[in-house]
Amino acid sequence: MSERPTHQHVDPQQCADYLEQIVYFIDNELAEADCAAVRVHLDTCNPCLEKYDLQRTVKQVVARSCSEPAPAELRERVMLRIREVQVRITEA
């Protein structure tokens, strides 16, 4: 976002409304008019811009982590634990 002056008086309800839309904004799932409104708000509200940056970073880290295969030892431990739970369920 561009560097512009921040709001002097941030409206918490308005920010909450925009923060609800940030995930959809990051995923390009908003209508263009809504995207434009979110961009304007982020350009003028540093607290929301910081939360947007955090959300975007977390989403990138999760996406990267999900594309890496789990180590074999971890996979084996998880499968063992799943089998243990399945046995308990069938015995109950």
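Modeller: Let's start with helices: here they are DSSP runs of H or I with at least four residues, strands are runs of E with at least two, and both are numbered from the N terminus. This is a predicted model, in which local features need pLDDT of at least 70 and side-chain atom pairs count only at pLDDT 80 or more, while totals for chains, interfaces and linings use all residues. Residues are numbered from 1 along each chain as its sequence is written, and side-chain values use heavy atoms, with hydrogens and water left out.

Biologist: Thanks! How many helices and strands does the protein chain have?

Modeller: There are 4 helices and 0 strands, so the order from the N terminus by these DSSP runs is α-α-α-α.

Biologist: What makes Arg56 and Asp53 a salt bridge?

Modeller: The term asks for a side-chain nitrogen of Lys or Arg within 4 Å of a carboxyl oxygen of Asp or Glu. For Arg56 and Asp53, the closest N and O atoms are 3.2 Å apart, so the pair meets that cut-off. Both residues sit in helix α3, 3 residues from each other, which means about one helical turn separates them.

Biologist: How many salt bridges are there by this rule?

Modeller: The count is 4. Among them is Arg81 with Glu84, at 3.3 Å from N to O. Arg81 and Glu84 are 3 residues apart in helix α4, again about one helical turn. Another is Arg39 with Glu32, where the closest N and O atoms lie 3.2 Å apart. Side chains of opposite charge can pair when their charged atoms come close.

Biologist: What puts Cys48 in its class, buried or exposed?

Modeller: Cys48 has 2% relative accessibility, so Cys48 counts as buried. Cys35, at 6%, is buried too. Over the protein chain of 92 residues, buried residues make up 17%.

Biologist: What does UniProt list for residues 15–48?

Modeller: An unreviewed UniProt entry lists "domain: Putative zinc-finger" there. In the model, residues 15–48 are 82% helix and 0% strand, with the end C-alpha atoms 7 Å apart.

Biologist: What makes a set of residues a nonpolar core?

Modeller: The members are buried Ala, Val, Leu, Ile, Met, Phe, Trp, Tyr and Cys residues joined through side-chain atoms within 4.5 Å. The largest such core has 13 residues, and those touching the most other members include Ile22, Phe25, Leu42 and Cys48. Helices α1 (12–26), α2 (32–44) and α3 (46–67) each supply at least two residues, with α1 giving the most, 5 residues.

Note on methods:
Buried < 20%, exposed > 50% of the residue type's maximum accessible area, 1.4 Å probe, protein only. UniProt positions renumbered as here; feature names shortened; annotations may be inferred.
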